[in-house]
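Have the sequence and the 3D view open as you read.

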Amino acid sequence: MGKIAAVTGNEAVANALRQANPDVCSLYPITPQTDIVQRFASYVSNGQVDTELINAESEHSSMSAAIGASAAGGRVVTATSSQGLALMWEMLHIASATNLPIIMPLVNRALSAPLNIHGDHSDGMGARDTGWIQLWSENAQEAYDNTVQAFRIGEHKDLRLPVMVCMDGFIISHSIERIEYLEDKQVKDFIGEFVNVNPLLDLEHPKSYGPLILTDLYMEFKRLQHEIMGRVKKVVLDVAEDFYKLSGRRYGLFESYRLEDAEIGMVVLNSAAGTSKDVVDAFRDKGIRAGLLKPRLFRPFPYTEIADALKHLKAVCVMDRADSYGGYGPMFMEISSALYQVTGNGSGVAKPKLINKIYGLGGRDYMPEQAEQVFTELDAIAKGAPVKLVKDYIGVRE
Amino acid sequence: MKKWKELVPGAVVLEAGSSEKFKTGSWRSFKPRWIEENCIQCLFCWLYCPDMAVKVVEGKMTGFDYDYCKGCGVCARECPGKKGQKAIVMEPEGK
Ligand code: SF4
Ligand code: SF4
């Protein structure tokens with residue numbers, strides 16, 4: 001077992017990047033992520049890594065530099081938050097569609113306006129359709145473990161895809177927790193030497209990246225991209241199995257908490273899952289069969305696996321820390337379409353009643369009372385009370 | 001036409017010099033015409049052509065490669081010609 005330390009989420013993730021010893025790190029600071037690249041810059045200055053550091057003039061440039069370095073044939077990392085991710089937007093699509101396995105911690109933060117630096121999931125959810133793999137993390141340990149695994153996943157020969165590792169801004173990035181590090185050598189052996197594919201710097205074999213593809217082939221390339229995303233689940237599970245052997249810590253496509261015999265359940269991402277699990281326990285003590293599902297892999301979304309885990313419930317609340325104004329929350333949309341595939345179309349399987357709560361926007365504290373309110377409402381719905389409002393807000397002053 | 005299963009992931013073109021296969025001359029609406037008697041063989045046209053559409057053989061301008069010439073007119077603009085008489089003139093395509 002590696003060293004046990006009391007560190008912030010940012011420090012834990014920075015250490016995972018150090019242990020991966022990337023060839024190139026392109027960076028641009030933004031709260032609450034700055035601390036990661038700042039620490040990483042110190043590792044470079046102190047000679048703890050062999051990385052070429054590129055101080056870019058914006059996140060757009062930072063992602064562009066990452067793309068160039070990755071196409072050149074190196075292991076590449078960067079990190080960002082919020083507006084920074086938004087500014088990377090067009091380049092995110094280019095990184096994924098060009099099959100460049102760039103690893104990027106995303107410290108989740110609200111999007112402007114109004115300007116807000118605190119944690120919510122608007123940034124990551126907005127990047128849902130960019131073709132990146134997304135792993136979400138409840139705490140510093142998961143953020144560290146997911147970052148280590150991200151290298152193996154993204155760089156896998158069947159995928160070669162960029163990976164975003166998400167954790168909640170401030171709540172996790174700046175809070176100190178106990179974590180277990182792996183030894184440097186363990187991480188080095190686990191992720192292995194970087195193997196490049198079609199590197200531009202292989203001068204014996206000249207090649208071109210970024211060609212113009214018009215009506216005759218564009219759609220075929222998009223179809224191929226979908227196919228490659230379809231291979232991700234298996235790789236994530238295989239890597240998780242190896243990681244378990246190494247660390248003793250188990251990961252899957254999602255975490256299922258007291259769900260097997262539950263009647264009511266909550267779907268919730270990241271740090272709020274920790275608070276909610278305590279409330280699940282409290283409801284169990286009262287004799288109410290509550291459970292929880294915390295997605296880990298959000299892109300590609302494991303529709304059938306999640307639907308199978310939820311379909312026996314009587315009522316489910318999907319929690320969203322991001323909004324789609326005039327629409328349901330982004331996680332709700334996934335869960336309801338996942339469930340429809342197993343319970344709809346005359347399948348004869350009873351559908352759980354679904355509600356959607358928007359919570360914690362702009363870093364608004366998510367308290368146990370809010371989870372209690374949700375489980376109380378679910379309990380009533382499970383016992384026959386009607387669903388009054390599908391989408392509603394909690395923790396907001398009325 | 002290739003099917004999606006036959007494509008190289010990431011749309012990487014693994015073959016060097018493949019742009020030769022992509023004939024762009026059909027984009028042209030104006031066409032450069034070389035007037036040999038006005039040519040002083042300065043090769044400005046070859047130097048300035050943004051494509052590789054000026055055909056130079058043994059150090060001498062010999063005409064245009066119309067498979068790739070897009071008719072941008074840069075060569076005609078830069079051509080000094082002889083005593084003010086241009087050695088390249090642009091003419092509407094199909095004239
Ligand atoms: S018209 Fe343009 S493309 Fe054609 S030969 Fe002249 S410079 Fe080259
Ligand atoms: S620029 Fe004009 S004069 Fe010079 S080589 Fe070309 S055609 Fe001849």
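A polar contact here is a pair of N or O atoms within 3.5 Å; within protein, one must be able to donate a hydrogen and the other to accept it, and residues adjacent in sequence count only if both atoms are side-chain atoms. With that rule, 2 residue pairs are in polar contact across the interface of chain A and chain B, both residues at pLDDT 80 or more. Please keep in mind that this is a predicted model.

**Chain A against chain B**

- The contact draws on 17 residues of chain A and 14 residues of chain B.
- Together the two chains bury about 1500 Å², and carbon and sulfur atoms give 74% of that area.
- The salt-bridge count between chain A and chain B is 0.
- On the side of chain A that touches chain B, helix 9 (residues 218-230) of chain A provides the largest share, 6 residues.
- That side of chain A is made up of 8 nonpolar, 4 polar and 5 charged residues.

**The two domains of chain A**

- Domain 1 of chain A covers 3-247, and domain 2 covers 255-393.
- Taken over C-alpha atoms, the centres of these two domains lie 28 Å apart.
- Where they meet, domain 1 of chain A contributes 30 residues and domain 2 of chain A contributes 28 residues.

**Buried area between the domains**

- Domain 1 and domain 2 of chain A bury about 2200 Å² between them, with 54% of it on carbon and sulfur atoms.
- Three residues to look up are R128(A), E138(A) and K233(A): they supply 28% of the area that domain 1 of chain A buries against domain 2 of chain A, more than any other three residues.

**Charged and polar pairs between the domains**

- There are 6 salt bridges between domain 1 of chain A and domain 2 of chain A.
- K233(A) forms a salt bridge with E305(A), and their closest N and O atoms are 3.0 Å apart.

**What domain 1 brings to the contact**

- Elements giving two or more residues to the side of domain 1 of chain A that touches domain 2 of chain A include helix 6 (122-126), helix 7 (140-154) and helix 10 (232-247) of chain A.
- Strand 6 of chain A gives the most to that side, with 5 residues.
- By residue type, that side of domain 1 of chain A holds 13 nonpolar, 10 polar and 7 charged residues.

Definitions and conventions. Residues are numbered from 1 along each chain as its sequence is written. Chains are lettered from A and ligands numbered from 1 in the order in which they are written. This is a predicted model: local features need pLDDT of at least 70, side-chain atom pairs count only at pLDDT 80 or more; totals for chains, interfaces and linings use all residues. Side-chain values use heavy atoms; hydrogens and water are left out. Domain bounds come from an automatic or database domain assignment. Contact means heavy atoms within 4.5 Å. Buried area is the accessible area (1.4 Å probe) that two parts lose on being put together, summed over both. A salt bridge is a side-chain nitrogen of Lys or Arg within 4 Å of a carboxyl oxygen of Asp or Glu. Helices (H or I, at least four residues) and strands (E, at least two) are DSSP runs, numbered from the N terminus. Ala, Val, Leu, Ile, Met, Phe, Trp, Tyr, Cys and Pro count as nonpolar, Asp, Glu, Lys and Arg as charged, and the others, Gly among them, as polar.
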